[in-house]
Every structure is written in structure tokens, then in C-alpha cells.
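Here's a quick tour of the fold, from the overall layout down to one helix and the core. Have the model open while you read.

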Amino acid sequence: MMKKMILATVLASTLSFAHAAPYPKHDLSKIVTPTSVNFEMAERVYQDLSRHAAMYPTQFDNAKDKNLAEQEAKELARIFNGLLATQIITPQHDGYRAVLHRAARVNWMAHNLDVPQAAAATDQHYQTLLAHCRARKKRT
């Protein structure tokens, strides 16, 4: 009986470490250019971040991967926050709600990676999203 418990414990701990895959490096400079925003690239980075940092505690193979993800989360949050703050994306755009939601989720993951002020940005984006949805509902 004791051997089975030890084996189960070893397997469980091995499987939890096997869950985290290496975090890939991205070239975030390709997301925003002087003439366009590459939302497909932003989505790829978002998906990779999600696999590792959407839940707390985050899941990384090593500190180097976690540090890379933290830097990329900061940069992706800066990009999404900037699209909204500079009004490149406004409530009149069809994708406004999607960008607000992505901004909130990216900041949420940045918060999970202990990025300062990310939780406040998450809250701000969700509050804006809720207000926008309420306003649209009143108009219809």
C-alpha cells in the first residue's frame, strides 16, 4: 500500500512539471508598425502567454522563461493599453470590445506575473467594457 502511495505521489509531481512547455520568444516589434497593427501576431503572443500565465500560480519550466514572459506581457499590455489610450481603437470600431477584453486579459496575465499596476489596468479595462456593454444595451 505504501509503495502505491509513493508511486502515485511521484507520478503526480512528475506530471505537474511536465505540464509546462518552454515559453517561446516572440518578436513583438512586428505587432505595431507605422502603418498597421498585426493582430494575428498579437493573438499568437496572447495564446502563448495564456498557456503559462492565465492562471495563478503561473506555469513555467524555469525562471528564464518566466522572465521572458513577464517582459512580453508588459510589452503586449503596453501595446493594447496604447491602442486604447491614444484612441487608435475607439468605441466606434467594430473590434472595440474585443480589444478591451484582450487588454484586460493581457493585464490580468501580467498581474499573475507580478507586474506592478497590471491589476489596476485590468480593473479599468473591465469597468470600461462593462460600461460600454451597458450603453449599447440601452440603445437597442
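## Ground rules

Buried here means under 20% relative accessible area, exposed means over 50%, and partly exposed lies in between (1.4 Å probe, protein chains only). This is a predicted model, where local features need pLDDT of at least 70, side-chain atom pairs count only at pLDDT 80 or more, and totals for chains, interfaces and linings use all residues. Residues are numbered from 1 along each chain as its sequence is written, and side-chain values use heavy atoms, with hydrogens and water left out.

## Overall layout

The protein has five helices and zero strands, with helices being DSSP runs of H or I, at least four residues, and strands runs of E, at least two, numbered from the N terminus. Of its 140 residues, 35% are buried.

## A look at α4

α4 has 17 residues and spans 24 Å from first C-alpha to last, close to the 24 Å expected at 1.5 Å a residue (the expected span is 1.5 Å times one less than the number of residues). Its buried residues include Tyr96, Leu100, Arg105 and Asn112. The buried residues of α4 pack against α2, α3 and α5, with contact meaning heavy atoms within 4.5 Å. After α4 comes Asp114, with a positive phi near 65 degrees.

## The core

The largest nonpolar core has 31 residues; such a core is a set of buried Ala, Val, Leu, Ile, Met, Phe, Trp, Tyr and Cys residues joined through side-chain atoms within 4.5 Å. α2, α3, α4 and α5 each give it two or more residues, and α3 gives the most, with eight.
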